[in-house]
Amino acid sequence: MRETAHLVHDYLRSSKRFPHIWCAGCGIGIFMQALIRVIDQSEYSKDDIVLISGIGCSGRLPVYVDFNTLHTTHGRALTFATGIKLANPRLKVITVMGDGDAIAIGGNHFIHAARRNVEIASFILNNNVYGMTGGQSSPTTPHGAITASAPYGNLEPDFDICRLAEAAGAVFVARSTVYHTNLLERLIGMALQKKGFSMVEVVSQCTTHAGRFLELKSPVEMMKWQKDNSVTVEKAKQLSDAELAEKIVIGVLVDRERPNYHEQYQNLLTEKSKV
Amino acid sequence: MAGCRFYAGYPITPATEIMEIMARKLPEVGGVFIQMEDEIASLGAVIGASLAGSKSMTATSGPGFSLMQEHIGYASMAEVPCVIVDVMRAGPSTGLPTQPSQSDVMQARWGTHGDHPIIVLAPSSVYEFFELTVQAFNLSERYRTPVILLVDEVVAHMREGVILPARDGLKIEDRLHPTVPPEWYIPYADPGTGVPPMPAFGDGYRYHVTGLYHDVRGYPTVRTDEVEPLIHRLFTKISEDYDRLQWFDSFETEDARVTIIAYGCVARAALQAVQKAREKGLKVGLIKLKVLWPFMRRTITGILDNSEKVLVPELNIGQISREVKRVNQSRCEVATLNKVDGTPIKPAEILQKLEEIYP
């Protein structure tokens, strides 16, 4: 444990930025640690990595870590990421977004980034709510939930982020919860290896806001809920749709190959330079 | 020739040709072209590429320019050099997509929310478009700020003979790179000029970029002693160099009793009108503005002091004329000629107005 903590400290910015802004019991810190541990085991140096976020609780993640970090506008992290990867393909580009960030205001950018297949490893921290603004409904808030912006119950169905990513063309799609940290680390590692647009949905808990409408009183209860309601991809294959209705399917959902944009573009440049 | 090596855009009349030419030309010089899903994404990619070290640009028209406002503010706050061409159409909304207009002058100044500085250049010929594009990149690199090229449809689609300068005859400016080792680098500290040196992502200078108010290290802050100095520095880094941004051409202004203040395609019509009026013995002159923002108060004040009347013809309901009137402070009479029917102002219309108001 001490070793793990020490390792994480090597990647945190010591100057001025702590304590962080996340509520006690928030899942974002668990993801941040997992990301750092995977990067530490990878071939990338701190200088190679550009970590990009949008706006919201997840948007604050990059400021704490010692990489090239970019806190962009709401929903637009992937557009900046596209420009950076194409301008310097040597860089390892990672985006961290929230559910409202990536799927509501950034939905257009998300589907086109997946379709275009520029090499970006994207992580969507899904806590089913707009946390920073005080607990309003997001596109992944369950139907019927009472939120700050749906005081009489949410009338909208929720989005399945992974199915959206798959349909839009992402070459790697996976899901984990922050309870399943070993799986989470394995999926982050696979996403970073992928030479195209990869997306991992990280089911996380917002104990301050989502906890209320999910009627889960503490972070521990919420993480137990993640544990009890998750089924692996393998197990899910044996279950009917009705049995899966309330479940979180975790594991690798899509892993496929498709030509990526920036390598095709580099080929075009090589061809043009020969002429 | 300005050094642009990255273009991201979205098709929109009447600016699409810029994108099509960049799609063809950039791969030939090792640059990157990408068509994005909308204009918000286009400017996002442009800012990303600039942070990664490429000189970058995009081009659009009214509706797309509206969408870009969010990221113009971001580039201004995070001090990321980039160039945005707005080929103006008449608005609001979809407006008149194929007709000339100059109705985005105020949007170019104040379109994004919050106090912010901006540089806006307005060419009136094909050569000036070339010249000011090079200057737009130079200024964006020098001041680490977005620079907007505001063009009307007439100038944007114009074909005329030009003699381009030799490549080595052009002065090309690049952003300052830090000279200190990475561990000493403080990304937003004022080196005295107001413009901090800027490394590219991947150069070994790991730092944080945000659209939030930030301290000298780039980290978010709400401290009053860090917020106010930042916004002041964003303004003064440009305003302290105000004398270097007085770009205009003057014609027959020495003895002019009436001076026309114009820009873009209207300045071309105004020049003809001045020549015709001079033939008729009217003492009139023309100041053609090449910089619209920051507004050339000093230059305009000189004109207002030395003329009995000024005439501001524009393809809008009166945008630069508002600025002229603000600066005027009762020095002389400011007349306007506004045309908003989707057609250019003709020399004869300006001449007629000159004769009407001539003292």
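Start with the interface between the chains of this predicted model: select chain A and chain B together, and 37 residues of chain A are in contact with 37 residues of chain B. The largest share, eight residues, comes from α3(A). By class, this side of chain A holds 14 nonpolar, 14 polar and nine charged residues. For the confidence in the complex, the predictor gives an ipTM of 0.96 and a pTM of 0.97.

To see one residue pair, show A:T69 and its bridge partner in β7(B), B:H208.

Move to helix α5 (residues 107-116) of chain A. Its buried residues are A:H109, A:F110, A:H112, A:A113, A:A114 and A:R116. Then step to A:N117, which follows α5(A) and has a positive phi, near 65°.

Now go to chain B and select B:G48, in helix α2 (residues 39-51) of that chain. Is B:G48 buried or exposed? B:G48 counts as buried because it has 33 C-beta neighbours inside 10 Å, where 20 or more are needed. Show what surrounds B:G48: apart from neighbours within four places in sequence, the residues in contact with B:G48 are A:T79, A:F80, A:A81, A:T82, A:G83 and A:I84. For a distance within chain B, pick the C-alpha atoms of B:G48 and B:V80: they are 8.9 Å apart in space, while the residues are 32 apart in sequence.

Finally, display the whole of chain B. Its mean pLDDT is 96, and 100% of its residues reach 70 or more. Colour domain 1 (4-169) and domain 2 (247-357) of chain B separately. Their C-alpha centres lie 26 Å apart. The contact between these domains takes 24 residues from domain 1 and 20 residues from domain 2.

Stay on the domain 1 side of that contact. Select α4 (105-110), β5 (119-121), α5 (126-143), β6 (146-152) and α6 (153-156) of chain B, each of which supplies at least two residues of the side that touches domain 2. Which element gives the largest share of this side? That is α4(B), with four residues. Coloured by class, the domain 1 side shows 16 nonpolar, five polar and three charged residues.

Conventions:
Residues numbered from 1 in each chain as written. Chains lettered and ligands numbered in written order. Predicted model: local features only at pLDDT ≥ 70, side-chain atom pairs only at ≥ 80, totals over all residues. Buried ≥ 20, exposed ≤ 12 C-beta atoms within 10 Å, placed from the backbone. Contact = placed C-beta atoms within 7 Å. Nonpolar A, V, L, I, M, F, W, Y, C, P; charged D, E, K, R; others polar. Pairing = 2+ DSSP bridges. pLDDT = per-residue confidence, 0-100. Domains from an automatic or database assignment.
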